Amino acid sequence: MSVFIVLLGAPGAGKGTQAKILSQKTGLPQISTGDIFREHLKNQTELGKLAQQYMSKGELVPDDVTVAMVRERLSRPDCKRGAILDGFPRTPAQAEALDVMLAEMGGKVGVVPFIKVPEDELVERLSGRLICRAQGHIFHKKFNPPKVPGICDYDGSELYQREDDRPEVVRNRIRVYLEQTMPLVSYYREKGVLVEIDGTQPIEKVTEAIWAALPEEVKHA
Ligand code: AP5
């Protein structure tokens, strides 16, 4: 049976940072709906242009569009063993759709690490975040600086600030998270798969805490 890890947490909690590390350690693909939308936007596809209308304001892209995109991604061969879901699901309707999709493909949600970080720290993290143009590697001006300012340590590409990391958009993203995504905490707690993780620890300590919660079968790539 394929096993899926759902990383849950507010904007800036560290989902993308941890998803990349866990993907390397487990060999499971990272599926970030935000990254897929940004890739579409870069390529100026119709989906990218549609998503941009929501992303630039910090609103969620409609469920039907997002679910269809994830359904296509999960059908690819690299998801046979499972995947690390980063930023999906984000609404109760998306969580229910995921359960249906996984049941169809003989998979399950194995664990949901819920990365908790207080709101003040989220704003500081997002305002200092730097992303690499080529592959989306994540840095922070203060908490996780690149070796050479403005350059990605891993592929040498330029680092930039995301447009939706502007303070007014960040405030709306956090509001949307509290209203639309927080209900998933009780959804997954009731299913017995939620594990609370203290996201204020250093990055390596957060990884250790998540690792300790993973089902044994995903730890062996
Ligand atoms: P998305 O790209 O998913 O953004 P997000 O959920 O808002 O999450 P972020 O990427 O901002 O934060 P993160 O938790 O990954 O933190 P990170 O690791 O980067 O979504 C963007 C938009 O796309 C949405 O607003 C929506 O419009 C749309 N969208 C996406 N998915 C959707 C869906 N399912 N449905 C509908 N719409 C959807 O870390 C943040 C910073 O903190 C970094 O600088 C990092 O270096 C630093 N940091 C990380 N960990 C630590 C630590 N332990 N200590 C100190 N600093 C740390």
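This is a predicted model: local features need pLDDT of at least 70, side-chain atom pairs count only at pLDDT 80 or more; totals for chains, interfaces and linings use all residues.
Let's start with aromatic pairs: there are 2 in this structure. By that I mean Phe, Tyr or Trp rings (six-membered ring for Trp) with centres within 6.5 Å, called stacked when the planes are under 30 degrees apart, edge-to-face when over 60 and tilted for the rest.

Numbering runs from 1 along each chain as its sequence is written, and side-chain values use heavy atoms, without hydrogens and water.

So, are those two tyrosines buried or exposed? Both Tyr187 and Tyr188 are buried, meaning under 20% relative accessible area, with exposed being over 50% and partly exposed in between, using a 1.4 Å probe on protein chains only.

Stay with Tyr188 for a moment. Beyond its neighbours within four places in sequence, Tyr188 is in contact (heavy atoms within 4.5 Å) with Val6, Pro89 and Leu98, among others.

Now to the rings with a charge over them, where NZ of Lys or CZ of Arg is within 6 Å of the ring centre and within 35 degrees of the ring normal. Lys25 has its charged end over Trp211, 4.5 Å from the ring centre. Arg133 does likewise over the face of Tyr160, at 4.4 Å.

Last, friends, the ligand. One of its oxygen atoms lies 2.6 Å from a side-chain N or O atom of Thr17, and a ligand nitrogen is 2.8 Å from a polar backbone atom of Gln201.

Note on methods. A polar contact is a pair of N or O atoms within 3.5 Å; within protein, one must be able to donate a hydrogen and the other to accept it, and residues adjacent in sequence count only if both atoms are side-chain atoms.
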